[in-house]
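This report goes through one protein model for a reader who has not seen it before. It begins with the chain as a whole and then turns to a few places within it.

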Amino acid sequence: MVIVSKYLIPKGYTAITLFPFIILRKEEYRDNAILLNHEKIHLRQQLELLILPFYLWYCIEFLIRLLIHKKWHKAYRNISFEREAYANENTPDYLKNRRLLSFTSFI
């Protein structure tokens, strides 16, 4: 389910996925197939890790990456979940062929 709300999105971001919702900052992002594919990849990641462990892993990995890179955006972009989503957001059929726990190859 896609929701549009600029108030639920952290500053500097266009969308966030909180299972089972994809939350977009602006209505026109509903037409952005690449952005939606990116967020759908996150939905799959969340499901395969049974949701709560996904968020725990995401936060811990982010903190580790922040210690390594010392910059918020660089730490965010290097989280394995984000790396998988960014690497495959331009492939519309990615989720049809994606293997279980594919994000682990981006650690």
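Predicted model: local features only at pLDDT ≥ 70, side-chain atom pairs only at ≥ 80, totals over all residues.

Taken along the principal axes, the box filled by the C-alpha atoms is roughly 35 × 35 × 25 Å.

The chain has five helices and three strands, and along the sequence these elements follow the pattern β-β-β-α-α-α-α-α. When contacts between residues at least 6 apart in sequence are considered, 41% of them join residues at least 24 apart.

## Helices α2 and α4

A pair of packed helices can be described by the angle between their axes together with the distance between those axes. For helix α2, residues 52–69, and helix α4, residues 80–88, the axes come within 9 Å and cross at roughly 100°. Because angles from 65 to 115 degrees count as roughly perpendicular, α2 is roughly perpendicular to α4.

On the α2 side, the residues that take part in the contact are Phe54, Trp57, Tyr58 and Glu61, and they meet Ser80, Phe81 and Glu82 in α4. Sorted by class, this contact of α2 with α4 has four nonpolar residues, one polar residue and two charged residues.

## Asn88 in helix α4

Asn88 is also found in helix α4, and with a relative accessibility of 14% Asn88 counts as buried, because the cut-off for a buried residue is under 20% relative accessible area. The side chain of Asn88 reaches the backbone oxygen of Glu84 at 2.9 Å. When its neighbours within four places in sequence are left aside, Asn88 is in contact with Asn37, Ile41, Tyr94 and Phe106.

## Glu48 in helix α1

Which residues does Glu48 contact, leaving aside its neighbours within four places in sequence? Glu48, which lies in helix α1, residues 33–48, is in contact with Arg98, Leu100, Leu101, Ser102 and Phe103.

Two of these contacts can be described in terms of atoms: the side chain of Glu48 makes a polar contact with the side chain of Arg98 at 2.7 Å, and the side chain of Glu48 also reaches the backbone nitrogen of Leu101 at 3.2 Å. Glu48 has a relative accessible area of 17%, and is therefore buried.

Note on methods:
Residues numbered from 1 in each chain as written. Heavy atoms only, no water. Axes fitted to C-alpha atoms, helices over the stretch in contact; angles between N-to-C directions. Helix = DSSP H or I, 4+ residues; strand = E, 2+ residues; numbered from the N terminus. Parallel < 35°, antiparallel > 145°, perpendicular 65-115°, else oblique. Contact = heavy atoms within 4.5 Å. Nonpolar A, V, L, I, M, F, W, Y, C, P; charged D, E, K, R; others polar. Buried < 20%, exposed > 50% of the residue type's maximum accessible area, 1.4 Å probe, protein only. Polar contact = N/O pair within 3.5 Å; in protein donor to acceptor, adjacent residues only side chain to side chain.
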